[in-house]
Amino acid sequence: MWLSKSRRSWERAPILHKVLIGNGAVIIVGAIGGTYLTDMLVDVSGTALALFFASVGILLSLIINYYILRSALRPMELLQRTVEHIDRGDTAVRAPVEEIGDPDLKRFAQALNTMLERLTAHMRVIERNRAQLRLLSGQVLSAQEDERRRIARELHDDTSGALARVLLNIEMCEELLPEGLGEIREKMLATGLLAEETLEGVRKLIFDLRPTLLDDLGLAPAVRWYAKNTLEPAGVQVVFEASPHLGRGSATVETALFRIAQEAVTNIVRHSEAHHARLALSREASKWVLVVEDDGCGFDTQQAEHIGNGNHHWGLFGLRERVELLGGTLNIDSSPGKGTSLRVEIPAN
Ligand SMILES: Nc1ncnc2c1ncn2[C@@H]1O[C@H](COP(=O)(O)OP(=O)(O)OP(=O)(O)O)[C@@H](O)[C@H]1O
Ligand SMILES: [Mg+2]
């Protein structure tokens, strides 16, 4: 009873008190024991006696200090272990307050635990917000795809149909025009050319909005067509590589990969000043891999992807969002003057 009480108060004593008590005990025991032993062993030679006492004293002091410091530093060790767990990302860990006797360290452990509780609560809120945000971006993206599909259909059925009829009418009028009306014929010819160009523009717009190639033939032909028709007129030579037997992916994955290629290709035309570009599409085990490279001016990726503070560049941000929504990864390797390489991996299912 008495023993366990004193043991508890020893454990609760601060480190400084423990070291003081321990070392005081060593000195007192050394002094009393030394005097007693000297008295008993007077006939042993002086040097041997001094050596004997010095060794016993040192040994005793080492042993006692070892035990004192071990017990005194145990709470620190427990705290250190807790901090190491936190460092490894385990925020569910808590400092074992009940195992720590030292009142100062106990208070420290309690404060650490309170901080960890708050941190975990904040992280839960952030996680919830992030999940909601992700859900929202998913819905925005799918609403955007639906809207694009609707506009593409209307452009195809109404606008491009009407333009085709206008062209036909112009051609018919040209044939019906009597001889000798050269000026009117010229005007009709110019109007016909204008209608043809506009029709071509509308067709391109329809393809940008919703490439029918993607639905009909699949990802690789659609990406190849888009890359060639966008890059070559802009003076960028393009190589497209697709591994054989790619097969079809889900509509969501194919649409995402096409939109990613579209943004990367548009960026090459708008920003890179590149002469060459390479696109590679492959399917490895259970993932799709898309690589888009150029030999252009490159850029500072950290700065470009930082949204806010007047930065209104959403292309790469949206691209990352699409990839993460599908559980994939995006790596952009670029630095000023070194070209750009973009690699996207998306799980196949
Ligand atoms: N292939 C590239 N070569 C050089 N710079 C690039 C390339 N791709 C992106 N960048 C740089 O990164 C910036 C951000 O690109 P991002 O696609 O996010 O925005 P943006 O193309 O400027 O605008 P948008 O929102 O219309 O896409 C660009 O403004 C450009 O400076
Ligand atoms: Mg862009």
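The exercises below refer to this model, which is predicted.

**Exercise 1. Overall dimensions**

Task: State which elements the protein contains, and compare its radius of gyration with that of a compact globule.

Solution. Step 1: The protein holds 10 helices and five strands. Step 2: For 349 residues, a compact globule would have a radius of gyration near 20 Å, whereas the protein has 40 Å. Step 3: Along the principal axes, the C-alpha atoms fill a box of roughly 150 × 40 × 40 Å.

**Exercise 2. Helices α7 and α8**

Task: Determine how α7 and α8 are oriented relative to each other, and characterise their contact.

Solution. Step 1: Helix α7 comprises residues 219–231, and it packs against α8 with the axes 10 Å apart and at an angle of about 15°. Step 2: Angles under 35 degrees count as roughly parallel, and α7 and α8 are therefore roughly parallel to each other. Step 3: The crossing of α7 past α8 is right-handed. Step 4: On the α7 side the contact involves L219, A222, V223, Y226, A227, T230 and L231; these meet E254, L257, F258, A261, Q262, V265, I268 and V269 of α8. Step 5: Sorted by class, this contact of α7 with α8 has 12 nonpolar, two polar and one charged residues.

**Exercise 3. Helices α8 and α10**

Solution. Step 1: Helix α8 spans residues 251–272 and helix α10 residues 315–325; their axes come within 10 Å and cross at roughly 160°. Step 5: The contact of α8 with α10 has three nonpolar, two polar and three charged residues.

**Exercise 4. Helices α4 and α10**

Task: Classify the packing of α4 on α10 and list the residues in contact.

Solution. Step 1: Helix α4 (residues 103–176) packs with α10 at about 105°, the axes being 10 Å apart. Step 2: The range from 65 to 115 degrees counts as roughly perpendicular, and α4 and α10 are therefore roughly perpendicular to each other. Step 3: R134, S137, G138 and L141 of α4 make the contact with E321, R322 and L325 of α10. Step 4: By class, the contact of α4 with α10 has two nonpolar, two polar and three charged residues.

**Exercise 5. The shell around ligand 1**

Task: Identify which residues come nearest to ligand 1 and which elements contribute to its shell.

Solution. Step 1: Among the 17 residues around ligand 1, those that come nearest are N267, S272, A304, H313 and G315. Step 2: Two or more residues of the shell are given by each of α8 and α10. Step 3: Helix α8 supplies the largest share, five residues. Step 4: By class, the shell around ligand 1 has seven nonpolar, eight polar and two charged residues.

Conventions
Residues numbered from 1 in each chain as written. Chains lettered and ligands numbered in written order. Predicted model: local features only at pLDDT ≥ 70, side-chain atom pairs only at ≥ 80, totals over all residues. Axes fitted to C-alpha atoms, helices over the stretch in contact; angles between N-to-C directions. Helix = DSSP H or I, 4+ residues; strand = E, 2+ residues; numbered from the N terminus. Nonpolar A, V, L, I, M, F, W, Y, C, P; charged D, E, K, R; others polar. Parallel < 35°, antiparallel > 145°, perpendicular 65-115°, else oblique. Contact = placed C-beta atoms within 7 Å. Near = placed C-beta within 6 Å. Rg over C-alpha atoms; globule rule 2.2 N^0.38 Å. Left-handed = near helix turned anticlockwise from the far one by under 90°.
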